[in-house]
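I opened a new page for this structure.

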Amino acid sequence: MDPARTDRETGSSGGPAPAVTLHRVPCRDALSKCGIPGLDLGLNPYVGCAHDCAYCYASFMKRFTGHEDSWGTFVDVKEGLLEALGRQVRRLRAGTVMMSSVTDAWQPVEATEGLSRACLRLLASSPLNLSILTKSDLVLRDLDLLSAFHDLFAQPRVTVGFSIPTMSDEMAAWLEPGAPPPSRRLAALQALSEAGIRTWVFVAPVLPGLADSSADLKALAVEARRRGAAEVKVDPMNFYPAARHRVESLIALHRPSALPAWREAASRAVAWRQDVSSFEP
Ligand code: SF4
């Protein structure tokens with residue numbers, strides 16, 4: 001099918017966001033091995049992500065999918081995903097699935113495609129646990145299905161994590177231009193928590209010079225817990241070249257006073273990452 005152009009949700013920037021090109025691509029396997037400790041399988045209903053976070057580590061997916069366009073400007077919708085998922089799930093008796101590791105399963109296209117919602121419906125009747133990580137309050141739409149994830153002993157089988165690197169909607173508007181602002185993520189977290197879903201916050205990545213002081217991290221952790229998060233984890237910025245240069249150019253444009261701290265952290269990245277990792281929010 002020819003690629004289709006679609007308007008991207010305005011996300012946190014509030015202004016018109018660039019259009020995203022949609023492709024439909026065949027899908028052979030829905031679940032793949034997940035290298036993240038504690039998680040067995042990854043489920044990524046889409047390739048690409050219109051949230052377009054400047055620090056995104058998943059942009060390496062371009063290499064494997066033949067995309068030459070910029071990360072954040074394309075989304076591939078996987079056709080045949082549900083059939084593949086059904087086939088794979090029938091062979092599994094246990095395990096934890098992560099949605100999603102290299103895309104955001106509740107990015108704007110999900111509002112019309114409903115692929116992630118269909119996956120939830122299928123997984124809800126499986127024996128598998130589900131771990132969701134998202135930047136979108138669209139996941140709240142699926143509360144009815146999330147509430148159905150219980151094991152034989154009525155114990156919940158799903159957790160929903162929200163990735164929130166900063167509480168500043170203003171900063172998120174230029175760092176994550178296609179994603180809903182942090183204030184909406186926190187409101188969604190609260191609504192899910194109040195509905196009995198286990199939630200947590202992933203401060204990822206911790207951004208030096210912007211939101212990495214212990215006061216910043218503590219304030220975010222306090223707010224997350226006040227909204228019902230059972231857990232708060234931090235993941236320091238990984239200064240791989242593409243992400244480093246993109247974030248640095250945005251800091252130069254929007255927050256030049258933060259440049260010295262950013263560059264200082266980048267110059268001793270390993271030690272800085274260790275310092276931040278040891279922080280217990
Ligand atoms: S939401 Fe996640 S996958 Fe999407 S652009 Fe941001 S960091 Fe990348």
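I began with a term: buried means under 20% relative accessible area, exposed over 50%, and partly exposed in between, with a 1.4 Å probe and protein chains only. By that rule, 53% of the 281 residues of the protein count as buried.

I noted what I was looking at. This is a predicted model, where local features need pLDDT of at least 70, side-chain atom pairs count only at pLDDT 80 or more, and totals for chains, interfaces and linings use all residues. Residues are numbered from 1 along each chain as its sequence is written, and side-chain values use heavy atoms, with hydrogens and water left out.

**Overall form.** I found eleven helices and eleven strands. These are DSSP runs, numbered from the N terminus: helices are H or I with at least four residues, strands E with at least two. I set the C-alpha atoms in a box along the principal axes, and they fill roughly 55 × 45 × 35 Å.

**Helix α4.** I picked out residues 115-124. Eight of the ten residues of α4 are buried. Among them are R117, C119 and L123.

**Largest pocket.** I needed the rule before going on. On a 1 Å grid over the protein atoms alone, a pocket is an open set of points where a 1.4 Å probe fits, with protein on both sides within 12 Å along at least five of seven lines; lining residues have an atom within 4 Å of a point. The largest pocket has a volume of about 1100 Å³. It is lined by 43 residues, and I36, M98, S100, L133 and F202 are the closest to its centre. I sorted the lining by class: 22 nonpolar, 13 polar and eight charged. Ala, Val, Leu, Ile, Met, Phe, Trp, Tyr, Cys and Pro count as nonpolar, Asp, Glu, Lys and Arg as charged, and the others, Gly among them, as polar. Which strand gives the most to this lining? I found β10, with six residues.

**Ligand.** I checked where the ligand sits. It takes the space of the largest pocket, as more than half of its atoms lie within 2 Å of the grid points. Around the ligand I listed C49, H51, D52, C53, C56, W71, T103, D104 and K135, each with a heavy atom within 4 Å of it. This shell has four nonpolar, two polar and three charged residues.

**Second largest pocket.** I read off about 250 Å³. Of its 16 lining residues, D29, A30, S32, N44 and K78 are the closest to the centre.

Key. Points joined across faces, edges and corners; volume = space filled by probe spheres on them.
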